[in-house]
There are 2 protein chains.
Amino acid sequence: MIPLDGVTIQEVGPRDGLQIEQRWVPTGEKIALVNAIADSGIKRIEVSSFVSPKAIPSLKDASEVFAGIKRRPNTIYSALVPNTKGAERAIDAKADELNFVMSASETHNFANMGMTREQSFLELGSVVAIANGASINVNATIATAFGCPFEGPQLTSKITDTIKRYFDLGATSITLADTTGMANPVQVTTLVELSLALVSPNDLTLHFHNTRGLGLINVDAAFRSGARRFDSSLGGLGGCPFAPGASGNVCTEDLVNFFHEIDVPTGINLRELLRLSAELPKLVGHETPGQLAKAGLASDLHPQPNIKRSA
Amino acid sequence: MIPLDGVTIQEVGPRDGLQIEQRWVPTGEKIALVNAIADSGIKRIEVSSFVSPKAIPSLKDASEVFAGIKRRPNTIYSALVPNTKGAERAIDAKADELNFVMSASETHNFANMGMTREQSFLELGSVVAIANGASINVNATIATAFGCPFEGPQLTSKITDTIKRYFDLGATSITLADTTGMANPVQVTTLVELSLALVSPNDLTLHFHNTRGLGLINVDAAFRSGARRFDSSLGGLGGCPFAPGASGNVCTEDLVNFFHEIDVPTGINLRELLRLSAELPKLVGHETPGQLAKAGLASDLHPQPNIKRSA
């Protein structure tokens, strides 16, 4: 059941990363970034978000980005949508998959989506109907699944009940998202084990942020519990609205390196990712939190020094 | 055998962190830092290094720092020493324990210590003799135990043979150090399991760097393999001479938070560490890599927003 031969990594930098950036990234550069990410071997990319341009002006060119990207074969270009209107726009833009997002926490859902959870569930029903009409799948994300910055921990039963309701409403795959980096590996193990009783590993994505330095450790805990799909962002782009300066999503190249180091294949060209990541500071106007891009691969050795130091 | 009731964290920031800093940290501020670290509940602190002031000018005041610190009861103030001369100075300074360091890799040992490994083993013998005369213990560290930046991976048998030789020469405890952040969790699991066949968990310390973002994941792997003692540095101070801008040691407050999140006691006041960490950028003149100091505790909730966003 569990695909032991590797993991699937979905790049969310163009969406979850760029949405928080202050500097406007021109549409052409967003398109080039998505194309380069796909060229590195990443088979799933969350390209943009069809939300109100007032709420997230940095992604107001979602349709243009979708129109401009090259479509590689066997690569899924998905779009985040919070509601019916977003789904219609995403389908017009020829997104391959919709990622519907709502929160486990009522408070966070209202703050983030401007709706109650019940309203969001209704929207999901409509989003699925629209997607079915276009013959594409809907992934449904549970934001704040590992804790809400306003409410704190969420009941485990609320998460599993939400998964069941997502499937009842027609979603075909699920993401558990640690939206503000509150997860810990014990909790991750519990939630992944419970989720995998309801979802196949191929249909469950774990979305972690490195806000408190636990991003990779949570990936590892999820992986050891059977999870095989992970979101991450190139350079660790992203952030947390409550913690200026805090790290964003788990960094794609750090994540790929982790899996390669433990001999788990990803199908991704890590050197190509490092090359791309090195260009990000120019694109966004600041250093990025990823570690590997600064340090290089452990397997790239340094020349033997010929100085003799007395200690 | 394994003390399941908690972990011991040794703060190495005043030594491994400050040694690489360009800005001179005045002796009084080093003393204040060590005192504050001890006040936070950390029971083991590597205070400084008795090496050539030419090699590491930033720690040339090691004796003065030892002379100035307050000695809390049940707290061990240790000193790094690479040789006999260093041991004599450290004992004069009233260090509670000596941490003798040499490398697994011949090339790294020569570059770092100016000696062959055989010369270093001879030095260890003398260091133990001097320490025994002063009735203090010698911890012996294997630097580059998880890989050398010049030679690459080191044979596992070389590490276990070195541990045996350390004990034969009179060391009472061992540190495995991932000097330039090359370790991965599979390798850590193997080496910790093999080491714990030779060393009790109370006498084995794991020293990881976060150079490639795998610091905490390696701690976790070691912990799950039975290791119970870890080195770390406040704010994640430290670095790697081969990777400017790369992260340093595993960050103490991130590490303590990790253990507290998974319900493993440390005996350390995390809020006090966060307060100390927040002062570090002033001390060293740059931002530090630790995550938690930027994000705050996950359990510290944010006020519920009263804005209604349309998404």
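How many bridges join strand S5 (residues 137–143) of chain A to S6(A), and do these strands run parallel or antiparallel?

Modeller: This is a predicted model, in which local features need pLDDT of at least 70, side-chain atom pairs count only at pLDDT 80 or more, and totals for chains, interfaces and linings use all residues. Residues are numbered from 1 along each chain as its sequence is written, and chains are lettered from A and ligands numbered from 1 in the order in which they are written.

S5(A) is joined to S6(A) by 4 bridges, and the two strands run parallel. (Strands are DSSP runs of E, at least two residues, and helices are runs of H or I, at least four, numbered from the N terminus; two strands pair if DSSP finds at least two bridges between them.) Within that pairing, A:Ala140 has A:Ile174 of S6(A) as its bridge partner.

S6(A) covers residues 173–177, and it is largely enclosed by the rest of the structure because 5 of its 5 residues are buried. (Buried means 20 or more other C-beta atoms within 10 Å of the residue's own, exposed means 12 or fewer, and partly exposed is in between, with C-beta atoms placed from the backbone.) In a regular strand the side chains alternate between the two faces of the sheet. For S6(A), one side carries A:Ser173, A:Thr175 and A:Ala177, the other carries A:Ile174 and A:Leu176, and both faces are covered.

Strand S2 (residues 44–49) of chain B runs parallel to S3(B) and is joined to it by 5 bridges. B:Ile76 is the bridge partner of B:Arg44.

A:Ser58 sits in the loop between strand S2 (44–49) and helix H3 (62–68) of chain A. With 18 other C-beta atoms within 10 Å, A:Ser58 is partly exposed. Leaving aside residues up to four places away in sequence, A:Ser58 touches A:Leu18, A:Gln19, A:Glu21 and A:Trp24; contact here means C-beta atoms, placed from the backbone, within 7 Å. A:Glu21 is 37 residues from A:Ser58 in sequence, yet their C-alpha atoms are 7.1 Å apart.

Helix H11 (residues 270–284) of chain B has these buried residues: B:Leu273, B:Leu274, B:Leu276, B:Ser277, B:Leu280, B:Leu283 and B:Val284. Among the elements covering them are helix H2 (27–39), H10 and H12 of chain B. Just past H11(B), B:Gly285 has a positive phi of about 85 degrees.

That leaves the contact between the chains. Chain B gives 53 residues to it, and chain A gives 53 residues. On the chain B side, helices H5 (106–113), H8 (185–195), H9 (215–224), H10 (252–261) and H12 (292–295) each supply at least two residues.

Note on methods. Contact = placed C-beta atoms within 7 Å. Expected span 1.5 Å × (residues − 1).
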